[in-house]
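Keep the 3D view open and follow along.

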Amino acid sequence: MITFDPLWETLKRKNISQYTLINKYGISTGTLDALRKNKSITLHTLDMLCSLLDCEISDIIVYKKGEVTVQRFPDSRGVQGTQDVYDTKSGRG
């Protein structure tokens with residue numbers, strides 16, 4: 001599972017608030033909400049954060065092996081299904 005836990009420490013270390021990200025750098029509240037909830041963001045957003053914060057990707061995201069989430073998505077017929085996710089803890093797919 002990918003999380004944005006390092007981002008919050010990076011912001012604290014650089015003394016940058018979420019308010020500043022919104023009002024000075026134009027980061028949307030929707031993007032911040034996605035980051036807080038560990039939802040997907042675009043590579044463009046990730047690149048922009050690295051540039052604004054003058055940091056490496058690892059200062060924003062971390063991959064936690066063995067922790068997976070199942071995402072719901074509609075198939076080509078519009079039927080709701082689940083994505084197959086490999087369970088790294090049990091070794092089963």
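Where is the place of Asn15? Asn15 sits in the loop between α1 and α2. Before going further, keep in mind that this is a predicted model.

## The overall layout

The protein chain has 4 helices and 4 strands. If you read along the sequence, they come in the pattern β-α-α-α-α-β-β-β. Of the 93 residues in the protein chain, 23% are buried. The chain exposes about 6,800 Å², and carbon and sulfur atoms supply 50% of that. Now take the contacts with a separation of 6 or more: residues 24 or more positions apart account for 48% of them.

## Helix α3 and its buried side

Let's look at α3, which covers residues 29–36. Which of its residues are buried? They are Thr31, Leu32, Ala34 and Leu35. These four span an arc of only 155° around the axis, so they end up on the same side of α3.

What do the buried residues of α3 pack against? Their partners are α1 (5–13), α2 (18–23) and α4 (43–53).

Leu35 counts as buried, at 1% relative accessibility. Leaving aside neighbours within four places in sequence, Leu35 is in contact with Phe4, Leu7, Trp8, Ile41 and Leu49. Leu35 and Thr3 are 32 residues apart in sequence, but their C-alpha atoms are 8.1 Å apart in space.

## The nonpolar core

In soluble globular proteins, nonpolar side chains tend to be buried together. In this chain, the largest nonpolar core has 14 residues. Leu7, Leu11, Leu21, Leu35, Leu53 and Ile60 are the ones with the most contacts inside this core. α1, α3 and α4 each supply at least two residues of the core, and the largest share, 4 residues, comes from α4.

Not counting residues up to four places away in sequence, Leu7 touches Leu35, Leu53, Asp59 and Ile60.

## A strand residue that reaches back

Val62 has its place in strand β2 (residues 62–63). Is Val62 buried or partly exposed? Val62 is partly exposed, with a relative accessible area of 30%. Setting aside residues up to four places away in sequence, Val62 touches Met1, Ile2, Thr3 and Pro6. Take Ile2: Val62 and Ile2 are 60 residues apart in sequence, yet 5.6 Å apart in space, C-alpha to C-alpha.

How many disulfides does the count come to? The count is 0 disulfides. Cys50 counts as buried at 12% relative accessibility, and Cys55 is buried with a relative accessible area of 12%.

## A threonine pair

Thr45 lies in helix α4. Thr45 counts as buried, at 11% relative accessibility. The side chains of Thr45 and Thr42 are joined by a polar contact of 3.0 Å.

## Positive phi angles

Most residues other than glycine have a negative phi, and most peptide bonds are trans.

| Residue | Phi |
|---|---|
| Asn15 | near 60° |
| Asn38 | near 55° |
| Asp54 | about 50° |

Asn15, from the opening question, is in the loop between α1 and α2 and counts as exposed, at 72% relative accessibility. Asn38 follows α3. Asp54 is found in the loop between α4 and β2, and at 67% relative accessibility Asp54 counts as exposed too.

How values were computed:
Residues are numbered from 1 along each chain as its sequence is written. This is a predicted model: local features need pLDDT of at least 70, side-chain atom pairs count only at pLDDT 80 or more; totals for chains, interfaces and linings use all residues. Side-chain values use heavy atoms; hydrogens and water are left out. Buried means under 20% relative accessible area, exposed over 50%, partly exposed in between (1.4 Å probe, protein chains only). The arc is that of the directions from the helix axis to the C-beta atoms. Contact means heavy atoms within 4.5 Å. Accessible areas come from the Shrake-Rupley method with a 1.4 Å probe; for residues, only the protein chains shown count as cover. A nonpolar core is a set of buried Ala, Val, Leu, Ile, Met, Phe, Trp, Tyr and Cys residues joined through side-chain atoms within 4.5 Å. A disulfide is a pair of cysteine sulfur atoms within 2.5 Å. A polar contact is a pair of N or O atoms within 3.5 Å; within protein, one must be able to donate a hydrogen and the other to accept it, and residues adjacent in sequence count only if both atoms are side-chain atoms.
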